[in-house]
Amino acid sequence: MLASKMREHFENGGGAGEGGMQMLGDKSMKIMNVLGPSATTLLRTYASVRDGIENAAISVVKFGSKLGRKGNEVGLIADSAVKKKKKINVNLGRALKTLVHVHGIQMILSGTYNADPHPGNVLLLPDGRLGLLDYGMVGKLSPKDREAVAKTIVALSDNDKAATAKLYRENGYKATLQNGKDDVDDAVLHRFASFHFDKIDLSPVTLDNGEKMEIMDVFRSNREKAVPTWVEEGRRLGGLLVGVSAQAARPISLAKEWRPIAKQALRNKE
């Protein structure tokens with residue numbers, strides 16, 4: 001199981017030894033107390049991924065198997081009725097990259113995807129492939145929604161704040177200032193989209209007028225009013241993948257990882 005590999009990796013000194021939420025610092029816990037749905041949804045997902053890794057690593061019973069570690073790779077020693085022991089080396093970083101990419105292909109290209117890819121639902125096979133388990137939670141996106149995701153991924157990877165904000169507004173997402181009337185800055189929408197489809201970024205936000213605003217103040221002063229299906233589904237899947245990668249001390253930019261997939265999807269529509 002991927003969960004077991006990750007747990008053993010840290011127990012043997014690999015990567016970072018801190019818990020997922022601790023990696024974000026005290027600010028993450030304060031955000032949970034602020035009425036900022038965009039942030040709290042993702043951070044709760046991130047926390048559940050952390051707990052899922054720990055729980056899955058404890059509860060999943062791998063029949064007759066032991067874990068070993070060699071260098072930067074994690075070795076699996078299969079111990080069964082067969083007397084001869086066989087050692088299999090698995091590159092954890094490559095496995096995580098494959099996990100991220102296969103779910104990008106599922107969501108953006110096919111529109112049908114595993115909506116619950118936590119480490120307990122992933123097997124590391126002897127030949128290096130991944131075995132995806134438990135498709136009891138499957139998500140589906142329409143062609144229009146997949147196009148919105150693909151365009152958002154490209155805009156985020158280009159760090160194009162205006163394009164990202166425009167895509168969100170035109171495809172059903174709405175956030176306002178605390179007064180419930182005024183629309184939010186492009187920069188704020190871009191940061192919300194980053195939380196949904198790219199990475200957890202708690203740095204200050206530079207508003208359209210050049211003013212810098214601390215992320216806590218952004219969450220306090222802005223509210224989600226409408227969240228379309230493609231954002232709701234995308235941010236859950238994205239949060240799980242970003243959380244798993246961060247927990248393994250291999251943080252990613254989801255937008256950069258999914259950019260080639262998004263570009264292919266957009267070419268297919270031409």
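**Exercise 1: a serine in a helix**

S245 sits in helix 9, residues 229-247. The coordinates come from a predicted model.

Task: Decide whether S245 is buried or exposed, and find which backbone oxygen lies 3.0 Å from a polar atom of its side chain.

Solution. 
1. Take the relative accessible area of S245: 2%.
2. Buried means under 20%. S245 is therefore buried, at 2%.
3. Look for the backbone partner. The oxygen of L241 lies 3.0 Å from a polar atom of the S245 side chain.

**Exercise 2: a charged residue in a strand**

Task: Then find the nearest side chain of opposite charge to R223 and the backbone oxygen that the R223 side chain reaches.

Solution. 
1. R223 is buried. The nearest side chain of opposite charge is that of E224, 9.6 Å away.
2. A salt bridge needs a distance within 4 Å. R223 has none.

**Exercise 3: the largest pocket**

Task: Describe the largest pocket by its volume, the residues closest to its centre and the make-up of its lining.

Solution. 
1. The volume is about 280 Å³.
2. The lining has 16 residues; N159, H190, S194, K199 and D201 are the closest to the centre.
3. Two or more lining residues come from each of helix 5 (143-157), helix 7 (186-197) and strand 9 (205-206).
4. Helix 7 gives the largest share, four residues.
5. Sort the lining by type: four nonpolar, six polar and six charged.

Notes
Residues are numbered from 1 along each chain as its sequence is written. This is a predicted model: local features need pLDDT of at least 70, side-chain atom pairs count only at pLDDT 80 or more; totals for chains, interfaces and linings use all residues. Side-chain values use heavy atoms; hydrogens and water are left out. On a 1 Å grid over the protein atoms alone, a cavity is a set of points where a 1.4 Å probe fits but cannot get out, and a pocket is an open set with protein on both sides within 12 Å along at least five of seven lines; lining residues have an atom within 4 Å of a point. Grid points are joined across faces, edges and corners, and a volume is the space filled by probe spheres set on the points. Ala, Val, Leu, Ile, Met, Phe, Trp, Tyr, Cys and Pro count as nonpolar, Asp, Glu, Lys and Arg as charged, and the others, Gly among them, as polar. Buried means under 20% relative accessible area, exposed over 50%, partly exposed in between (1.4 Å probe, protein chains only). Lys and Arg count as positive and Asp and Glu as negative; His and the chain ends are not counted. A polar contact is a pair of N or O atoms within 3.5 Å; within protein, one must be able to donate a hydrogen and the other to accept it, and residues adjacent in sequence count only if both atoms are side-chain atoms.
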